[in-house]
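Visitor: I am new to reading structures. Please take me through the features one at a time.

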Amino acid sequence: MAFAILVTQHEKGKLIAPVLQEIGIRVVENSSWDTDQLGTFAGEVERRLTPHECALEKAKQAIKLTGLGIGLGSEGSFGGGPLPGVINWNEEILCFYQPEHERVIYARASGAFPGKSFVLEQISDLEHVEELSNQGLHWIVKINDEILKGLNLAMLTEALTIADQHGLLTWPIKVEPDLRAMYCPPRQQMIKKAAEDLARRLQALCPECSEPNFVVKHQEKGLPCELCSLPTQLPSHEVLHCEACEHTEKLGVAATSADSQHCQWCNP
Ligand SMILES: [Zn+2]
Ligand SMILES: [Zn+2]
């Protein structure tokens, strides 16, 4: 069985390990390197690298620390998505780094994120935080320049009540979700999905050179219109590509023609 090392201080190992165990990779968690130096969600440390660069850097550090052959780096980001400002979006990247084979594979998963911030005018406004708390979200609140993190609803209520009684609060108070993985069940689900994507990529071998990650890398547009047969903007093919040997295969999509509403000619 191959060993892979995951550097994390946020208990991500138990999310990723069971998935990779099934394809013969044993994930070992190591918390001795401070991943927060690459940036934190709460903003104490600014992020200078892209999420992909961050994930690769963590995977490289994992190998440096342990000398094992495979490093894993997990990095999450928030924002963007199909409807920015309307739907909160979470993307999780899991980088697989194996220097012996010069192998870098980025797996990913993304989706809507239910967490959001609240502005409380008074203690009783905590009732608005209840629904998301019941989904397991934890909270961050700033009281007198002190940032309290990882609070469940009971802890948040107690902290605000005591601070209010001592006149330490200036309403309104902003309460934000704690996005660190061990305090954020929706992220935990997304990290599991990224691990599943990695397992899929590791098992998808190139028919020419047997390198993993022979999966759909992009789509080609041009599905013909059902009425006039001219190409539309809808995808006609999915393209599988191997970065190691450049082997490429095209797969036709399930549909053979596009609804004429997508046609520039029939429905301009
Ligand atoms: Zn290949
Ligand atoms: Zn047409």
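Guide: Start with metal donors: these are N, O and S atoms within 2.8 Å of the metal (3.2 Å for Na, K and Ca), and water is not among the atoms, so sites may look incomplete. Here the donor residues of the zinc ion (ligand 1) follow the spacing C-x2-C-x32-C-x2-C in sequence. A note on the source: this is a predicted model, where local features need pLDDT of at least 70 and side-chain atom pairs count only at pLDDT 80 or more, while totals for chains, interfaces and linings use all residues. Residues are numbered from 1 along each chain as its sequence is written, chains are lettered from A and ligands numbered from 1 in the order in which they are written, and side-chain values use heavy atoms, with hydrogens and water left out.

Visitor: Which residues are the protein donors of the zinc ion (ligand 1)?

Guide: They are C206, C209, C242 and C245, each through its SG atom, at 2.3 to 2.4 Å from the zinc ion.

Visitor: What geometry does the site of the zinc ion (ligand 1) have?

Guide: Four donors count as tetrahedral if all angles lie between 85 and 135 degrees. The angles among the four donor atoms here are 105 to 114°, and the site is tetrahedral.

Visitor: How many disulfides does the whole structure hold?

Guide: A disulfide is a covalent bond between the sulfur atoms of two cysteines. The test is a pair of cysteine sulfur atoms within 2.5 Å. The search finds zero.

Visitor: How many aromatic pairs are there?

Guide: Rings of Phe, Tyr and Trp (its six-membered ring) pair if their centres lie within 6.5 Å; planes under 30 degrees apart are stacked, over 60 edge-to-face, the rest tilted. This structure holds two pairs. F78 is in strand 3 and F113 in the loop between strand 5 and strand 6, 35 residues apart. Strands (E, at least two residues) and helices (H or I, at least four) are DSSP runs, numbered from the N terminus. F78 is partly exposed at 27%, and F113 is buried at 7%.

Guide: F118 and W139 form an edge-to-face pair too, 5.8 Å centre to centre and 70° between the planes. F118 lies in strand 6 and W139 in strand 7, so the pair ties together parts 21 residues apart in sequence. W139 is buried, with a relative accessible area of 0%.

Visitor: How many salt bridges does the count come to?

Guide: A salt bridge is a side-chain nitrogen of Lys or Arg within 4 Å of a carboxyl oxygen of Asp or Glu. The count comes to 10. One of them joins R187 and E92, at 2.6 Å from N to O. R187 lies in helix 5 and E92 in strand 4, so the pair ties together parts 95 residues apart in sequence. R187 is buried at 1%, and E92 is buried at 0%.

Visitor: Which residue forms a salt bridge with R103?

Guide: E211 does, with the closest N and O atoms 2.6 Å apart. R103 is in strand 5 and E211 in the loop between helix 5 and strand 10, 108 residues apart. Salt bridges also link D197, R200 and R201 in a network.

Key: Buried means under 20% relative accessible area, exposed over 50%, partly exposed in between (1.4 Å probe, protein chains only). Four donors count as tetrahedral if all angles lie between 85 and 135 degrees; four count as square planar and six as octahedral if opposite donors are over 155 degrees apart and all others between 65 and 115; anything else is irregular.
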